[in-house]
Structures are given as structure tokens and as C-alpha cells.
Amino acid sequence: MVGVGKWLLAGLLLLSTCAIAQQNKVFTFGDSTVVQPANRKYSLTGRVVYVDGKPIAGAALFVDGLKYGNSTDLSGRYFIQLPAGKYRLTVRHLGMAPLTNRLAMYANGVINFEMSEKPEALEEVVIRARKEDDNIKEVVGGVTKLNITEIKRLPAFMGEVDVIKSIQLLPGINTVGEGSSGFNVRGGRIDQNLIMMDGGQIFNSSHALGLLSNYNPDVVEEFTLYKGNVPAQFGGRASSVLDVRTRSGNFDSWKVKGGIGLISSRIAVEGPIIKDKTSLIVGSRFSYSDWVLKAVGETDVRKSSASFYDINGNLTHKFSSKNQIALSLYQGNDYFRFSDEFGYEYTTRLLNFKWKSIFNDHWSSTLTAVSGNYESKLYDFNQTAARSLTNGIGYYQFKETLLHTIGESHALTFGGEYNIYNGKPEITRPFGNNSTTLSQRVEKDSGHELAFFANEEFTLSPVISFTAGIRYSMYQNIGADTVYSYQQGQVKSVSTLQDTTYYGKNQNIQTYQGWEPRLSARISLTADKSIKISYNRMRQYIQLISNGTAPTPIDLWQVCNPHLQPQIADNYAIGYFQNARDNMFELSGEVFYKSTSNLVEYKDFAQLLLNRHLETELLQGRGKSYGIELYAKKNSGGWTGWVSYTFLRSFIQVNGIHPEEQVNQGNWYPTNYDKPHTINITANHKLGKNMRFASNFTYSTGRPTSALESNYRAGSVAIPIYSERNQYRIPDYWRLDVSITLNSVLKKVDDNLTFSVYNLLGRRNAYSIYYQQPAGDPIPQGYKLSILGSALPSLTYNLTF
Amino acid sequence: MIGRFLLAGLFVILAVGCKDRFEFVGTGLKHNLIVDATLSNSPDPQYVKLSTTGDARRPPVPLTGALVWITDNTGNTEYMQDLGDGRYLYRRTQVIPHVGASYSLDIQLPDGKHYQSTAAEGMGKQQAMDEISFEIVKDQIVSSEGVPIDNTNVNIYLNTTLPKESAVSYLRWAIDEVYTIKPTCAPFAIECPPYCFIYQDVSTANITLVKTTDYTQPRLERVLLQTRNVDYTFMVRHFFNVTQYAQSEAAYQYWKKVQLLTQRTGSLFDPPPALITGNMVNINDPTEVVYGFFEVPAARLNRIYIDRGFIPVDITNCDWSPFYYAGNPYSYCTNPFAIKGSTIERPPWFF
């Protein structure tokens with residue numbers, strides 16, 4: 001009740017005295033000459049918003065002298081109680097210029113703060129993703145929030161600031177190698193990450209085959225990675241959630257932002273359609289790397305072509321300060337052609353409608369409707385075998401999330417979500433007049449998923465806080481479809497096919513459902529030390545069918561069906577968090593364990609494309625992963641950055657009844673992303689007034705692989721004999737990147753020039769080890785393949801006006 | 001296939017990739033039996049080759065002293081002659097390969113272990129009509145130092161007319177090359193060695209397989225069988241032998257796996273490698289791993305030759321020429337340390 005009263009008072013105050021704060025102003029409430037009763041406290045409240053009026057959640061307010069502070073809630077509101085007196089109040093939020101004002105508190109008062117983007121050239125380097133002590137006080141462990149300003153300070157690959165590449169520098173995150181799309185979280189698979197853009201799922205988050213991600217840094221506002229405990233409002237994947245938010249356009253004035261690089265450029269235009277009411281932002285990136293290819297000596301490369309583009313658009317309209325709608329659009333496309341031999345193209349489209357309403361101080365709602373589409377096409381230009389192969393997936397998503405807050409001690413999030421997945425048919429067609437290949441069409445499965453969720457965050461005492469969530473998900477595989485059944489007790493194969501059943505459109509074929517509890521607790525040992533414990537269960541009804549070490553654009557997204565059961569993962573974590581020297585340093589250590597059932601594996605020489613009996617090639621097993629994450633971060637000062645170390649083991653066991661349904665004779669074996677040791681070090685340093693230096697160093701144990709153990713010949717062909725799956729490792733990986741950014745290159749213009757070198761030492765890190773028979777030699781020879789065999793410099797000029 | 005495509009994509013996008021020789025072998029060596037038994041109706045001598053697996057960087061160890069015999073569906077049996085080097089000569093006197101018959105193979109090792117083919121093997125009934133052609137292609141490649149180098153290749157193409165019958169046929173094309181060189185004779189040599197004839201398997205990168213029902217038209221044009229870099233071996237006549245095998249479905253599936261395994265390019269998109277076991281089994285211990293495949297395909301050979309007159313570049317300044325200085329000139333060409341796969345016996349068709 002105390003909390004309710006406090007917020008009612010805040011509401012009344014908002015209706016009375018109100019001031020808009022700017023930098024270095026003095027606000028006086030009441031009369032200092034009046035004698036104040038002892039212990040009398042006055043309330044200061046208000047809102048913190050961006051210049052476009054959008055609320056800033058998590059902005060930190062500090063009162064100097066008292067070492068007291070608070071942070072804003074989701075609607076940007078804050079509430080502070082202060083004894084009578086004079087103070088200095090500072091408001092901070094990542095990427096925003098801090099606001100410092102003086103207060104004379106002799107009565108209740110209201111101040112609204114409007115924060116604008118930080119002019120980078122004038123600020124010291126400060127890396128702080130959240131309120132300074134959020135890592136201690138937040139209940140949920142394993143959450144990483146990064147702001148785009150923060151990742152812009154990291155050395156960029158090919159000059160492109162990249163969300164996914166930045167994530168890979170954090171503890172617990174790794175990837176199987178350069179040029180592989182996606183990322184692995186705590187020993188989970190790539191398809192176990194729910195990757196979102198404004199709430200909509202992204203099925204392929206990469207450009208240029210994984211060298212870049214499809215998030216345009218000019219339109220991304222912030223992103224949150226849940227790798228430990230995932231709140232109940234998120235589901236459908238077994239490992240993590242990457243929630244990327246793009247921003248609304250400027251409600252006040254028109255701005256243009258852009259960057260020019262050697263192989264790609266980007267531009268973003270934003271401004272008000274109706275001032276303070278409707279804003280628009282359109283951003284695009286596009287590559288023009290063909291001139292580089294034409295300069296390469298090799299004939300096949302000269303005849304090749306590679307390009308990508310993406311477009312983001314966001315139209316936001318505010319009906320009032322409590323009601324706004326947003327329509328956002330994303331389209332990304334990649335095209336590649338290698339000489340006269342082959343090509344591929346893949347496209348992601350996302351249309352997103354969002355309606356946010358704040359009903360009152362306690363209730364708010366977010367309604368989301370998304371239409372998503374992913375299509376991939378592979379071309380083979382090889383004369384009589386010339387063909388094209390297409391596949392993909394489409395989906396619709398509807399989600400309603402309600403938030404109920406009572407003071408600072410309770411926040412209840414609940415709602416429902418409905419997803420419809422439509423697998424696009426795999427179609428191969430002859431390509432060109434000389435082709436003699438057959439047309440084929442293989443229909444893919446469809447399904448829908450309904451989930452209800454509730455997540456309550458409550459503070460039991462200043463020492464103990466809990467987050468308790470529950471999600472109930474139900475999935476149905478629906479027609480139209482033909483389902484094959486196989487002889488009981490036999491290995492699934494075409495030869496053991498027993499029966500065929502046809503299901504009509506929308507007819508239920510198979511239902512899977514279950515509870516997904518999510519629990520976490522925080523115990524504060526002191527103001528700057530805490531322990532966090534979490535457990536959660538997640539169910540996954542859609543999988544990426546990919547038999548390679550890394551996924552390809554043409555890989556299938558397959559929903560569950562009678563033969564393919566949902567993955568169920570149980571995640572456990574416990575962590576210790578400590579801040580030091582007034583939050584200048586963050587230290588943490590987390591231990592995690594994860595077990596997963598129904599992990600998808602593949603039979604030897606599985607034929608996954610254009611296969612009407614895909615289930616005959618799939619196996620399902622169980623997985624386990626465990627590890628330790630250590631993290632130390634320096635948030636402010638001359639040098640900033642972090643050091644992270646991850647110990648990770650990840651295993652899988654496929655132990656079917658028949659030998660054909662086993663891998664490595666049914667024993668546990670390491671997954672492709674089992675990397676016991678990973679170290680990442682990032683460092684930023686300000687060099688003078690306008691220059692900044694950044695670097696990062698990465699080391700990881702080589703990933704598991706199968707090695708040649710012997711060989712034999714069949715006719716003239718030397719055939720390698722390999723070990724069991726993943727019994728050896730490729731050499732360890734390490735890389736050093738550096739960049740120097742020069743701000744204010746041109747006078748009176750907000751610009752910067754970044755020179756970066758990726759893989760500065762030109763180390764030939766092993767991408768893979770493989771074997772081929774050299775001409776004239778009957779013995780297969782081992783080769784180490786390096787994708788980045790030398791230093792890769794780039795130059796990018798960024799401009800805002 | 002897709003893995004190769006995507007890997008090339010990464011290389012092109014970055015243009016800074018590289019490939020280095022790397023000694024990386026496993027240590028889990030076992031000694032398993034290898035049976036290499038493609039016994040066709042080709043006029044060339046036919047052998048069953050037996051060996052056991054050895055170290056990853058060495059060829060298999062020949063296995064001698066075994067008893068090997070073939071049996072057809074009418075009960076005829078023929079024992080093969082142990083040549084003492086792991087080869088067992090199939091003379092085709094009692095059991096003669098022909099279309100419509102089926103065959104099985106038995107092997108008894110000196111230690112008494114008995115191996116047998118798991119299913120009867122036979123010839124494919126229909127063969128395609130082949131025409132082989134070549135094309136000289138000039139392009140540029142980039143050296144490991146990043147310098148563009150002019151490069152000349154010979155591309156061997158197949159044009160073929162598939163069988164018209166609706167029944168499925170499984171076809172495989174294998175290619176090898178034979179060329180000759182004359183060692184440079186030292187001025188003081190009493191007698192110079194004769195020409196060496198070198199049999200060389202070409203790269204296994206191109207295993208060409210066709211399942212006829214996968215194609216809408218009976219004619220396949222310009223199927224690239226092989227790309228061979230032009231070097232000193234084209235100084236004199238250089239033959240390419242292209243053999244078409246009409247095989248069983250089981251043999252086709254086996255070679256399909258071999259194709260997948262040998263065409264790995266190191267891409268992360270490659271499927272994981274796996275063991276390929278064939279159709280021979282230890283009848284007393286079916287769990288024992290036996291490598292290799294027994295097949296009896298119908299063979300059809302096409303041969304083309306290329307000599308320096310076809311090559312539009314100067315190959316006289318080659319960087320290698322075998323130099324004979326002393327010793328028995330007639331054993332020079334058969335010295336495996338001098339020239340691999342070499343013999344002084346002129347093949348009857350080599351002119």
C-alpha cells in the first residue's frame with residue numbers, strides 16, 4: 001500500500017508543478033527560509049524522455065552527496081524522496097548526454113528530463129549498458145544489454161558495426177568459425193536462439209554468408225540478449241533470446257546519417273511527418289563489392305558477383321503521450337554468383353505492427369502483429385544439370401503483452417502469443433534451355449503455436465527479489481500433408497514404409513504441449529554484491545535442419561511433426577556479481593548447466609534436400625552442456641572495456657535401438673561448438689580530444705572435428721577413412737583487431753572517420769581441416785583452410801547532418 | 001555440393017583466404033580388410049586387390065596368401081590367382097561376366113577368416129553412347145604470393161546419349177591418364193633408357209554418376225569429367241581413358257557416398273564425414289568393419305589423346321625432366337622413387 005500511495009502522490013504531482021529540465025539549471029521547490037520539521041522528506045518525481053518524447057526506461061538518477069539514486073520505470077517515470085536541502089541531481093542513460101541540475105528541495109516537485117544523444121567527440125569513453133548497478137540489482141542473471149553506441153566503439157569487420165559480432169565477444173557466446181552465420185549460446189545450437197527484430201522472428205540473421213549480420217547500426221536502438229533465464233513472455237527456442245529494437249524517427253527535425261565504406265555504404269533519413277506526432281525513419285545498407293572482384297587476378301573470381309542490401313523503415317504515430325502505433329518494415333537480400341558455375345540468393349521480409357498503450361500509472365499494453373517471410377534460392381549453372389532450388393518459411397505472429405506495476409516492488413507481465421508457421425515447398429526447376437534436370441516439388445509441413453505467459457517480478461525485501469514466470473505452450477502440426485508411417489521396431493527407411501495417411505487443410509496431425517516454468521532469485525549480500533540463481537524450461541517446436549558444421553542459407557526450417565518431437569531444454573545457472581569503486585568495475589562469475597532432449601542429429605550421408613521422407617534421415621538424441629563464465633568490465637576512465645573467459649563443454653548422445661540409429665556407437669561426443677576455453681579482451685582508449693583507439697583480442701580452443709585415420713583405394717579413387725564424429729580438434733583460434741576513429745574530420749560537421757584492421761597479425765586461423773587426394777598421389781593429403789588468411793583493413797566515413 | 005558453393009562464396013567475398021598443407025591425422029588406427037573388386041567385362045586384365053588398412057599417410061598394406069573365388073548364379077566357380085602383391089588375377093575362364101547373370105565373391109584369409117559379399121552383384125543392362133571431347137582453356141590463377149599467373153588447362157567433356165528404356169540405369173564414369181616421357185640421357189651413358197609409360201589416376205574430385213530417371217532428356221552435353229593442368233606430361237602423346245560402368249543400384253549408392261566423401265572442400269557447410277562400408281562381411285563376425293566394394297559392372301571404354309600440337313602454349317621449357325645418369329636403363333622407368341606409376345611396357349593401344 002505504501003508503494004501505491006507513493007505513485008498516487010507522484011501522479012498528483014505530475015498534474016501540478018512541472019518543469020522541463022535542461023543542463024545546469026537550478027530548480028527551487030518551496031521556500032528555504034521556512035523552518036523545516038526534522039526528518040521531513042519531499043518527493044521529486046517526473047519523467048525522463050528522449051527528445052522525440054519516447055520514454056526512457058532504466059535511466060539512472062543520482063543525487064550527489066547522498067550517494068542515493070533511482071531509475072525510471074518502463075514509462076520513463078521516476079520517484080525520489082529527499083530531505084530538505086540543496087542537491088545536485090544527475091540523469092544518465094547509455095548513449096545519451098548526461099543532465100546535471102541543481103535542486104533546492106523545500107517542497108514536493110516535478111521535473112521532466114529530456115535527453116539527447118551524446119555528442120561522442122566531447123565525451124570520455126564510458127561503456128555502460130544499463131543503470132550502473134543493474135548487474136547487481138537486476139533479478140535475472142545472464143542478461144546482456146548493449147546499446148548501439150557501445151558496439152560502435154568496437155573494431156568493425158570490413159568497417160561495418162555489427163550486432164552479432166559484438167555479441168560474440170561476450171562470455172558464454174561463441175561461433176563455429178569465421179563466415180558462419182548466427183552464434184551459439186552456452187553450448188546451444190544456432191537454431192536454439194530466438195533472434196528478433198522489433199518482436200518479429202528472423203530466420204537468417206546474416207549477410208554475406210555470416211560475415212555480417214542484417215542489423216543496420218543506424219536504425220538499431222538497443223538489444224538485449226537473454227542467455228540465462230529467459231522471461232516467460234519469450235519462448236519457442238531452447239537456448240536464448242536476442243531482442244533487437246529499432247528506433248523511431250526523430251519527432252522534431254529531419255536528420256540524415258550515413259557511412260561510406262570501401263565495399264558497402266549506408267544511409268538513414270529520419271524526421272517528423274507531423275511534428276511531435278508522426279515520425280519516419282528509413283535506413284538502408286547496400287554493397288558494391290564487384291569492383292574488388294574485378295580487380296582479382298583469378299578469372300573465375302573476375303566473373304563472379306556478390307552483393308547485399310537491406311532496408312529498414314519505421315513509421316510511428318503518437319495519438320497522445322500514452323498511445324502510439326508503429327509500423328516497421330525490413331527487407332534484406334543477398335545475391336552471389338560464382339563464375340558460370342553457381343549462385344544463390346536469399347531474402348528476409350518482415351512487416352511489423354505495434355500498438356503501445358499506457359492506460360494509467362499501473363497498466364500498459366503492447367500489441368504486436370508480424371508477418372515474416374524467408375526465401376532462399378540456389379542456382380546451378382552447370383550446362384545440362386543447370387537448375388534452381390528454392391525453399392523457405394513464412395509465418396504470422398500475434399502477441400499481446402500486458403504490464404501491471406505496483407510501485408517498485410511488483411511488476412506483472414502477462415499475455416498470449418499465437419504463431420502460424422507455413423513451410424514453403426522445396427522446388428527445383430531446370431535452369432536454361434540446355435538443362436535436362438527434372439522439376440521436383442516437395443511440400444513442407446505447417447503448424448501453429450499458441451502460448452500464454454505470466455511473469456511476476458517482486459521484491460521480498462531489500463535483500464531478496466524473485467522473478468517467477470510460467471508459460472504454457474501448445475503446438476499443432478496441421479495439414480494439408482501426407483504422413484508416412486513405418487514398421488514398428490524397424491529403422492525408418494523407404495524399405496520399411498508401412499502406411500500413408502493424408503490430412504486435409506488445417507486438419508490436426510499431431511499436438512505437443514507443456515509447461516515452461518521460469519524462476520530466478522537475487523540475494524543482495526551488500527549494496528554492490530549479489531548472488532543470482534535461475535532455472536528455466538524452454539520448448540522448441542521448429543528446428544533448422546542442417547547437416548553441416550555451420551548452417552547454409554538453403555537449409556530447411558522444419559516444424560515438428562509426428563516423427564520430429566519438440567526440443568525441451570532445462571537451464572540452470574548460479575552467479576556471483578560484484579561492482580567496485582562506485583560501479584567503475586563490474587565483476588561476475590556464473591556457472592551454468594543445460595540439458596536438452598530431442599536434439600536433432602543426422603544419419604551418415606543424410607539427404608536432406610528434396611526428400612519426401614526426411615524423417616528417414618533424422619535422428620533425435622539428448623544434449624548436455626555446462627561451463628563457467630567470468631567477466632570483468634571497466635566502465636569509465638581513460639581505458640574502458642572488458643575481459644571475459646568462458647569454460648564450456650557441450651556434448652550430444654544419439655543412442656537409438658538399432659546401430660543405424662546411433663552415432664559414435666551411442667556414446668556421448670562433443671558438439672561442433674564444444675570449445676573448452678574462450679577468452680575475449682576488448683579495450684577502448686581516448687587519444688586526445690577527437691581520437692579514439694579500440695581493440696579486441698579473441699582466443700578459443702579449436703572446435704571438434706573428425707580426422708583421417710587411414711585410407712584405402714577403390715579403383716583409382718583414394719577413399720579416406722575417418723575417425724568417429726568429432727574425436728579431434730582443429731588448431732586453436734586467436735585474432736587481434738584494432739581501430740582508430742577520428743571525430744570531427746570536417747569542421748562544423750558531426751562526422752567521423754574509422755580505420756580498422758581485422759586480424760591485424762594476419763594469422764591464418766584454421767577454418768577447417770580437410771583431406772583431398774593430390775593429382776598423382778594415392779594418399780589423401782591434409783589441408784588447413786583459412787578464410788581470413790591476412791589482415792583485412794577497412795576505412796569508413798560516417799556523417800550526420 | 002552446396003558446401004563447395006558456399007565456401008567459394010566466402011573466398012570470393014573476402015578474397016583473402018588461403019589453403020595450406022597440414023599434417024593432421026588421427027591415431028585410432030585399426031587393421032581392417034580392404035576389398036577392391038570391380039570385375040568388369042573390359043578387355044583389360046581384372047584383379048581383386050586385397051589389403052589391410054595402414055597408417056593414414058601410407059598406402060594400405062597388401063594382403064597375400066588368401067583364397068579368392070567368384071561364383072555365378074548358375075553355380076560356376078572360379079578361383080583367382082594370387083600374384084603375390086595383393087592382387088588376385090581373375091582370368092574369366094569359368095565364370096564370365098555377362099549381362100543378366102549375378103555373382104558373389106568369397107575370400108578366405110590365411111588365418112581362416114571367411115568373408116562373403118552380402119548380396120549378388122550384376123551388370124547394369126543398358127549403357128549410354130559416349131563421345132569424349134576436350135578443350136584447351138586459358139585463364140589466370142593467383143599464386144600463394146598473390147601474383148596472377150597464366151594457366152592452361154585441358155578440360156575433358158562427355159557428351160552422352162542415355163538408354164531410351166524406361167527402366168532405370170545407374171552409370172558411372174571413371175577416368176585415368178597414360179602418357180609417355182623419354183628420360184634425358186647423360187652423354188656418357190652406354191645405353192639410354194627407353195620411353196617410360198606412366199599410368200596415373202586423375203584427381204578424384206570428379207566422380208561422375210548418373211541415374212537415368214533423374215533426367216528429362218536422353219542427351220547430356222558437355223559434362224565436365226576432368227580438368228587437367230597442362231605440364232610437361234603433354235610433351236609427347238597423352239591419353240585419357242574414360243570408362244563408363246553400368247552398375248547395380250547398390251554399387252551406385254556406394255559410389256554416391258564415395259563422391260560425397262571425396263569432394264569435401266573443407267567448408268563448414270560440408271556434411272560430416274563418415275565411414276563407408278561396402279558389401280563384404282565376415283560371415284563369422286558381421287560386426288567387423290570391412291572396406292571396399294565388390295561389383296561386376298558392364299564396362300565401355302573411350303579413349304582420346306592430346307599431344308603438344310593441340311596445346312597453344314609453349315611447354316618446351318618445362319620445369320621437370322627425368323634425368324638418367326647410370327644404372328640399368330631398363331629398370332629406370334620402373335623405379336617408383338623416380339617416376340610413380342611408370343612402366344616400360346608399351347600399352348597395346350598406345351601409338
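**Entry 1: the nonpolar cores**

I looked up the largest nonpolar core and found 85 residues in it. A nonpolar core is a set of buried Ala, Val, Leu, Ile, Met, Phe, Trp, Tyr and Cys residues joined through C-beta atoms within 7 Å. Buried means that 20 or more other C-beta atoms lie within 10 Å of the residue's own; exposed means 12 or fewer, and partly exposed is in between, with C-beta atoms placed from the backbone. Ile719(A), Val35(B), Val48(B), Leu50(B), Ile107(B), Ile175(B) and Val258(B) have the most contacts inside this core. Two residues are in contact if their C-beta atoms, placed from the backbone, lie within 7 Å.

Which residues does Val258(B) touch, leaving out those up to four places away in sequence? I noted Ala714(A), Val717(A) and Ile719(A) from chain A, plus Ile207(B) and Ile276(B) from chain B. A second, separate core has 73 residues, including Tyr346(A), Leu350(A), Ile554(A) and Ile652(A). In soluble globular proteins, nonpolar side chains tend to be buried together.

**Entry 2: what kind of model this is**

I am reading a predicted model, where local features need pLDDT of at least 70, side-chain atom pairs count only at pLDDT 80 or more, and totals for chains, interfaces and linings use all residues. Residues are numbered from 1 along each chain as its sequence is written, while chains are lettered from A and ligands numbered from 1 in the order in which they are written.

I checked the confidence next. pLDDT is the predictor's confidence in each residue, from 0 to 100. Chain B averages 82, and 82% of its residues score at least 70. For the complex, the predictor gives an ipTM of 0.84 and a pTM of 0.81.

**Entry 3: helix α2 of chain B**

Helices (H or I, at least four residues) and strands (E, at least two) are DSSP runs, numbered from the N terminus. Helix α2(B) covers residues 249–262, which is 14 residues. From first C-alpha to last it reaches 20 Å, close to the expected 20 Å. The expected span is 1.5 Å times one less than the number of residues.

**Entry 4: strand β14 of chain B**

Is this strand enclosed or open? Ten of the twelve residues of β14(B), residues 170–181, are buried, so the strand is largely enclosed by the rest of the structure.

Then I traced its partners. Two strands pair if DSSP finds at least two bridges between them. β14(B) and β17(B), residues 208–211, pair antiparallel over four bridges. Trp173(B) stands opposite Thr208(B) there. Ten bridges join β14(B) to β19(B), residues 238–247, also antiparallel. Leu171(B) has Ala246(B) as its bridge partner in β19(B).

Chain A has six helices and 52 strands. Of its 801 residues, 50% are buried.

Most residues other than glycine have a negative phi, and most peptide bonds are trans. I looked for exceptions. The bond from Gly479(A) to Ala480(A) is cis, with omega near 10°. Ala480(A) lies in the loop between β30 (464–478) and β31 (481–486).

Asn664(A) has a positive phi near 50°. Asn664(A) sits in the loop between β40 (639–653) and β41 (669–670) and is partly exposed, with 16 other C-beta atoms within 10 Å. Ser744(A) has a positive phi of about 50°. Its loop runs between β48 (733–743) and β49 (750–758).
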